[in-house]
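Subject: Structure for you, with notes

Hello,

Here is the structure you will be working from. My notes come after it.

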Amino acid sequence: MIIFWIDVATGTIVGYRACLTENKGAVKNSLMDAISRFGTPQKIRVDNGTAYKNVDYAPWVFYNEAIGKRRLTTDEKIAKRMLESGDKGLYMNLGIECHFTIPGNPESKSIEPFWRYGISAFEKSFLSWCGNNPESRPEMYKNMDSKTLVRKFGKKFPTWDEFTEKLDKYVEYWNNKPRASLVTIEQEQLSPLQAYTQVEHIIPNKTELLSKMLYPYIEMRTVQRSMIEKNGVLYWHPSFASMIGQKVGIYYDEKNLYEITVCNEKGQIHPEKAIAIDPGLQSGDDLTALIENNRRAKIGKLYYLALSDVAGAMKTEKMLKLLSKELLPLSNTKEAEDTKYLSFEEALDAITGEYEEIDEINDGTHAVECNVSNKDTTDIDQELIDNLKDEIAGLFGE
């Protein structure tokens, strides 16, 4: 699925997103990209799908539908509260006048011709293109169902990274190709991008844009089996082991399917990102997936141990740094091929080997902080270290 925002006067593609499913997050992110690069439009015309027409983005639609009703739907109640509190929804908060197309009337969508003569050239550039319908399929693909196509021509299908990289190049080509319909007084042809820049456009401040488009619209997910799901992809984070059944906020970017920024309900971002995983729980999974799943389970337990303060007041972020970069690196974190996994004893030494006593200013309680310097540890509370080693040894089953 691809979302495009096109300037109707020049044909410039100002924003776009390739996404696994059409959803309001992809609509928001693609529009945010468009505004950050080309300025805020005065008017937009969008489809009637729920990705574009929903209570968060266009509450006035639901408010108008509620007029005269005795019983309101959930969305109508939300819309009423939003407008009464001064929240006009994403589009109007940005100062954009939004119009929706006529349902069941493709002619009311000015973007429709673009799909026919614009994006079709991009689609046909892939060897995996199999036609818009069975009649237009290349001869080699006819009379094949989806499973047969994948089995026989799977290697010709682009990966997600290959697809998005090629889409970026195509958009650049489209915006910079001179058009006969865009000419100067001297009859010199202009590209859509050149024509667009003939008029000055004000680019909003980045902080202001984020405050209006990103932070008010936190997408929530429920943690299940130490994972969350987004668009059919599972994501894991070390803190999820202690949050099963609870909700977490995410900031999702379709350009990077390999990781998700995690936050709480107030939008406070966690420094460690959740990563896409192969859960490795089904029979037949390769050994690497099973090993990584086992490591993730152990990291989650260690993280929970730190949060529970079982082994003393070690700083959680320090432990996570050691775990993620030294103790148990995962293959899909793009580590170098020669990454050295620490042995169990080396791991214990990395976590518990050196500490520094500090006094907490706020409550005067004793705390211990990990210190990476080569400091003499003879005066350190050895009992605390021994307890920590015992806890970790138990988690590792040794």
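The notes below cover the nonpolar core, the cysteines, the salt bridges and one threonine.

This is a predicted model, in which local features need pLDDT of at least 70 and side-chain atom pairs count only at pLDDT 80 or more, while totals for chains, interfaces and linings use all residues. Residues are numbered from 1 along each chain as its sequence is written, and side-chain values use heavy atoms, with hydrogens and water left out.

Core

The largest nonpolar core has 36 residues. A nonpolar core here is a set of buried Ala, Val, Leu, Ile, Met, Phe, Trp, Tyr and Cys residues joined through side-chain atoms within 4.5 Å. Buried means under 20% relative accessible area, exposed means over 50%, and partly exposed is in between (1.4 Å probe, protein chains only). Trp 5, Val 27, Tyr 91 and Met 213 have the most contacts inside this core. Elements that each supply at least two of its residues include β1 (2-6), α1 (24-38), β3 (43-46) and α10 (206-213). Helix α1 gives the most, with 7 residues. Helices (H or I, at least four residues) and strands (E, at least two) are DSSP runs, numbered from the N terminus.

What does Trp 5 contact, leaving aside its neighbours within four places in sequence? Its partners are Thr 12, Ile 13, Val 14, Gly 15, Val 27, Ser 30, Leu 31, Ile 44 and Val 46, where contact means heavy atoms within 4.5 Å.

Cysteines

A disulfide is a covalent bond between the sulfur atoms of two cysteines. With the cut-off set as a pair of cysteine sulfur atoms within 2.5 Å, the count is 0 disulfides. Cys 98 is buried at 11% relative accessibility, and Cys 263 is buried at 5%.

Salt bridges

The whole structure has 11 salt bridges, each defined as a side-chain nitrogen of Lys or Arg within 4 Å of a carboxyl oxygen of Asp or Glu.

One of them joins Glu 254 and Arg 17, at 2.9 Å from N to O. Glu 254 is in the loop between β10 (247-251) and β11 (259-263) and Arg 17 is in strand β2 (residues 13-18), so this pair ties together parts 237 residues apart in sequence. Glu 254 is buried, with a relative accessible area of 1%, and Arg 17 is buried at 4%. Both belong to a network of salt bridges that links Arg 17, Asp 33, Asp 253, Glu 254 and Lys 255.

Another pairs Asp 56 with Lys 24, whose closest N and O atoms are 2.6 Å apart. Asp 56 sits in the loop between β3 and α2 and Lys 24 in helix α1, 32 residues apart. Asp 56 is partly exposed at 24%, and Lys 24 is partly exposed at 35%.

Lys 69 and Glu 76 also meet through their side chains, at 2.8 Å from N to O. Lys 69 is partly exposed at 43%, whereas Glu 76 is buried at 2%.

Thr 10

Thr 10 is in the loop between β1 and β2. Is Thr 10 buried or exposed? Thr 10 is buried, with a relative accessible area of 14%. Its side chain makes a polar contact of 2.6 Å with that of Asp 7 and one of 2.7 Å with that of Thr 12. A polar contact is a pair of N or O atoms within 3.5 Å; within protein, one must be able to donate a hydrogen and the other to accept it, and residues adjacent in sequence count only if both atoms are side-chain atoms. Not counting residues up to four places away in sequence, Thr 10 touches Leu 182, Pro 192, Ala 195 and Tyr 196.

Regards
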